[in-house]
Amino acid sequence: MIAVMETPEQYRPLSPETLAARLAPVEAVATRVGKDPAGWTVSEVGDGNLNLVFIVEGPEGTVVVKQALPYVRLVGDSWPLPLYRAFFENHALLRQEQRDPGSVPAIYHFDEEQALIVMEYLAPHKILRRKLIDGEKVAGLGEFLGKFCARTAFRGSELSMKSSDKKQDVSLFAGNIEIPAITEALVFTDPYHEAEMNHHTDGLEPVVSALRSDARLKAKVQRLLMKFASNTETMVHGDLHSGSIMSTDTQTRVIDPEFVQYGPMGFDIGMLLANFLMAYFSQPAHRGAEELTAYQEWLLSVITETVVAFEEEFRLLWQTERTGMLYPGALFEDQGHHSADACAELLAEIMTDAIGFCGIEMHRRTLSLAHNADFEEIEDKAIKAKLEARNLHMGAQLIREADNFGSINDLLALARQVNTEDIL
């Protein structure tokens, strides 16, 4: 396991000018792009905050090359970051493919020393966040994402895995120290005090002040941070938002699991729901009146479909793949006892956690370092502040009242209500 932050002496960041010569000798690349690098076209597309990403096209096909940088690209080399995150991303993708086949891009080549992964080029897929801003729909989106979250949560836990295998996996991913530390700071802590890298839209000060003055809310956030840092229920993607999902009109894949760790079962689905809610609240700035209500309702329907698919798939796996040490048949079915109530209670706990994580993610994407394009692309600052205030207000209610949501319909009803309110 890699457990140090030193950059290998042989490490060299790629560029469009150097990539072809560097990767032409790699058989997995040459066979998929073309053996003569003179026929390759290399374009850098980036992935936002952390890495170098290139699309490499040739006569035989196209691949994506992703290389970690030894710092946070969004900030610069003043914030060093270990290259070993590529090692953990590679392992995460392999496990996600095993636990939910076809849900992630195929890996063709991994170079640990150069911190790069060569993987399947997804086309004509588009980043989901972009599609939501543009008002596009994806058939089966909620069903796919709900099943992905259920399958990776269940099959990555001791509900399914042998305890020895799970413990070895936890030990492996425990080496991913610096990346989850970013989440612990930027997501759970920084939004609730005047952290150095925070920023927010002018006009939000009354709402922000109220959040940071609410000791009860901050205590609930810290309790969820304790769960995130200490609870190794399952392998989580760790950064499952609409920017780490790519879709066509009918197909979806999950990408970028470099924030992987073992954590609470409700974390991924909570982060995911938050991003759909932020898309929902941002829509008045992106849609005309004639399209607005219908598209917002479609977004809420995706939330419903995601939660329903998650719970249905989890129950199915409970019935068919409960082979780990937890809730064994010896304690239930073998003694003539039904285990459906135990499953229902566990699902209720997972969704309570998910709602809390959801509220926190809604706050950090408005107050901390990395904001969502859903709001950031709104040019009118007064409108932006009005919509972000609704987002912050609902996030706070989710955190405070996570235990009191009886069903997903309660969450949707709250979203519709807050969507009509003037918080500022």
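**Reading burial, helices and a sheet**

Q: Does K131 count as buried or exposed, and why?
A: K131 counts as buried because its relative accessibility is 3%. Here, buried means under 20% relative accessible area, exposed means over 50%, and partly exposed lies in between (1.4 Å probe, protein chains only). A word on the source: this is a predicted model, in which local features need pLDDT of at least 70 and side-chain atom pairs count only at pLDDT 80 or more, while totals for chains, interfaces and linings use all residues. Residues are numbered from 1 along each chain as its sequence is written, and side-chain values use heavy atoms, with hydrogens and water left out.

Q: Where is K131 placed, and which residues is K131 in contact with, leaving aside neighbours within four places in sequence?
A: K131 lies in helix α4 (residues 128-133). Helices (H or I, at least four residues) and strands (E, at least two) are DSSP runs, numbered from the N terminus. Contact means heavy atoms within 4.5 Å. With neighbours within four places in sequence set aside, the contacts of K131 include K126, E136, D249 and Y295.

Q: Which residues of helix α15 are buried?
A: First, the general idea: an α-helix has 3.6 residues a turn, so residues three or four places apart point the same way. In α15 (residues 408-418), the buried residues are I408, L411, L412, L414, A415 and V418. They cover an arc of only 160° around the axis, which puts them on the same side of α15. The arc is that of the directions from the helix axis to the C-beta atoms. These buried residues pack against α10 (267-282), α11 (289-320), α12 (340-367) and α14 (381-400).

Q: What is the order of the strands in the open sheet?
A: In general, strands of a sheet pair through backbone hydrogen bonds, either parallel or antiparallel. This open sheet has 5 strands in the order β1-β2-β3-β7-β6, with antiparallel pairing. β1 (41-44) and β6 (107-111) stand at the edges, each with a single partner strand, so one side of each has no neighbour in the sheet. Two strands count as paired if DSSP finds at least two bridges between them.

Q: How many bridges join β2 to β3?
A: There are 8 bridges between β2 (residues 51-58) and β3, which run antiparallel. The two strands form a hairpin with 2 residues between them, and L52 stands opposite Q67 in β3. On β3's link to β7 (residues 116-120), there are 5 bridges, with K66 opposite I117. Strand β3 (residues 61-68) is mostly covered, with 7 of its 8 residues buried.
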